[in-house]
Amino acid sequence: MKIFLNGLSLILPTALVLYVLVWVLKTTERIFGNLILYLLPQEYYITGLGFVTGIAIVFFVGLLLKLWIVQKIRDSFESLIDKTPLVNTLYGAVKDFFNFFSNLKSKENDIVVLVDTHWMDSKIMGFITSEDLKRFDFLDMEEPVVVYFQLSYQIGGYSLFIPKKNITPINMKTEEALGFIITAGISSSKNNKAEQI
């Protein structure tokens, strides 16, 4: 039985990752492939061209966003979205989700922290997402920071205001910490042990 479970533990995650990758490839190929077929005769179309085009477009848009005028257009578009009920909630949630993980990866020092939970004599791992809280001067806290706590096996989590004295920065990469938390501690690296700073 143990041998069977060991095999299953390798096959299921691998199959899931491959399924997601194939779905992304097929979806991208279908969307951009149909777009290319409007411009290019079918006999010149090569399978995979849609996916390559999709990657190129995303990269090109990223380059355009460095231009001041494109940033202004984006800001105007987002201002219009903000005034549209329901759409602004969905757009904002998706954007914030990607920005959050992008910002986490761009920060390397003192981001992963342990927070004391005195009532259980334990600690919980989280990520400092904001330390500039001047607009929250009404908080009755000593040096408050915002710490995000990711829920295991879920997309959501909690953002809490916590006094800085109650957190302990640890020397751990954000990707490793995310993997550890999301899998409820199952995905822990034996080579990279967390150390207190």
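Helices (H or I, at least four residues) and strands (E, at least two) are DSSP runs, numbered from the N terminus. This is a predicted model: local features need pLDDT of at least 70, side-chain atom pairs count only at pLDDT 80 or more, and totals for chains, interfaces and linings use all residues. Residues are numbered from 1 along each chain as its sequence is written, and side-chain values use heavy atoms, with hydrogens and water left out.

**Whole chain**

Start with everything shown as cartoon. The chain has five helices and six strands. From the N terminus, the order is α-α-α-α-β-β-β-β-β-α-β. Accessible areas here come from the Shrake-Rupley method with a 1.4 Å probe; for residues, only the protein chains shown count as cover. The total for the chain is about 15300 Å², and carbon and sulfur atoms hold 65% of that.

Colour by burial next. Buried means under 20% relative accessible area, exposed over 50%, and partly exposed in between (1.4 Å probe, protein chains only). By that rule, 21% of the 197 residues are buried. For contacts, the cut-off is heavy atoms within 4.5 Å. Among contacts with a separation of 6 or more, 38% join residues 24 or more positions apart.

**Stop 1: strand β1**

Select Leu-114, which lies in strand β1. Is it buried or exposed? Leu-114 counts as buried, because its relative accessibility is 17%. Show what surrounds Leu-114. Beyond four places in sequence, its contacts are Lys-123, Ile-124, Met-125, Asn-166, Ile-167, Thr-168 and Ile-170.

**Stop 2: the cores**

A nonpolar core is a set of buried Ala, Val, Leu, Ile, Met, Phe, Trp, Tyr and Cys residues joined through side-chain atoms within 4.5 Å. Select the largest one. Its eleven residues are Ile-111, Val-112, Leu-114, Met-125, Phe-127, Tyr-148, Ile-170, Met-172, Ala-177, Leu-178 and Ile-181. At least two residues each come from β1 (112–117), β2 (122–130) and α5 (174–182). Which element supplies the largest share? That is α5, with three residues.

Another core lies apart from this one, with eight residues, including Ile-128, Val-145, Ile-162 and Ile-167.

Return to Val-112. Neighbours within four places aside, Val-112 touches Met-125, Gly-126, Phe-127, Thr-168, Pro-169, Ile-170, Met-172, Lys-173, Thr-174 and Ala-177.

**Stop 3: salt bridges**

Side chains of opposite charge can pair when their charged atoms come close. A salt bridge here is a side-chain nitrogen of Lys or Arg within 4 Å of a carboxyl oxygen of Asp or Glu. How many are there by this rule? The count is three.

- Asp-116 and Lys-123 pair at 2.4 Å, N to O. Lys-123 is partly exposed, at 44% relative accessible area.
- Lys-165 and Glu-142 pair at 4.0 Å, N to O. This pair links distant parts of the chain, 23 residues apart: Lys-165 is in the loop between β4 and β5 (167–171), and Glu-142 is in the loop between β2 and β3. Lys-165 is exposed, at 61%.
- Arg-74 and Asp-75 pair with their closest N and O atoms 3.5 Å apart. Asp-75 is partly exposed at 38%, and Arg-74 is partly exposed at 33%.

**Stop 4: two loop residues**

Select Glu-143, in the loop between β2 and β3. Its phi is near 50°, a positive value in a residue other than glycine. Glu-143 is exposed, with a relative accessible area of 52%.

Move to Gly-156, in the loop between β3 (144–150) and β4 (157–163). Gly-156 is partly exposed, at 33%. Outside four places in sequence, Gly-156 touches Tyr-148, Gln-150 and Leu-151.

**Stop 5: helix α1**

Select the 38 residues of α1. The expected span of a helix is 1.5 Å times one less than its number of residues. For α1 that gives 56 Å, and its end C-alpha atoms are 56 Å apart, which agrees. The buried residues of α1 are Thr-27, Thr-28, Glu-29, Gly-33 and Ile-36. They pack against α2 (49–64).

Then pick Leu-8, in α1 (residues 2–39). Leu-8 is partly exposed, at 32%.
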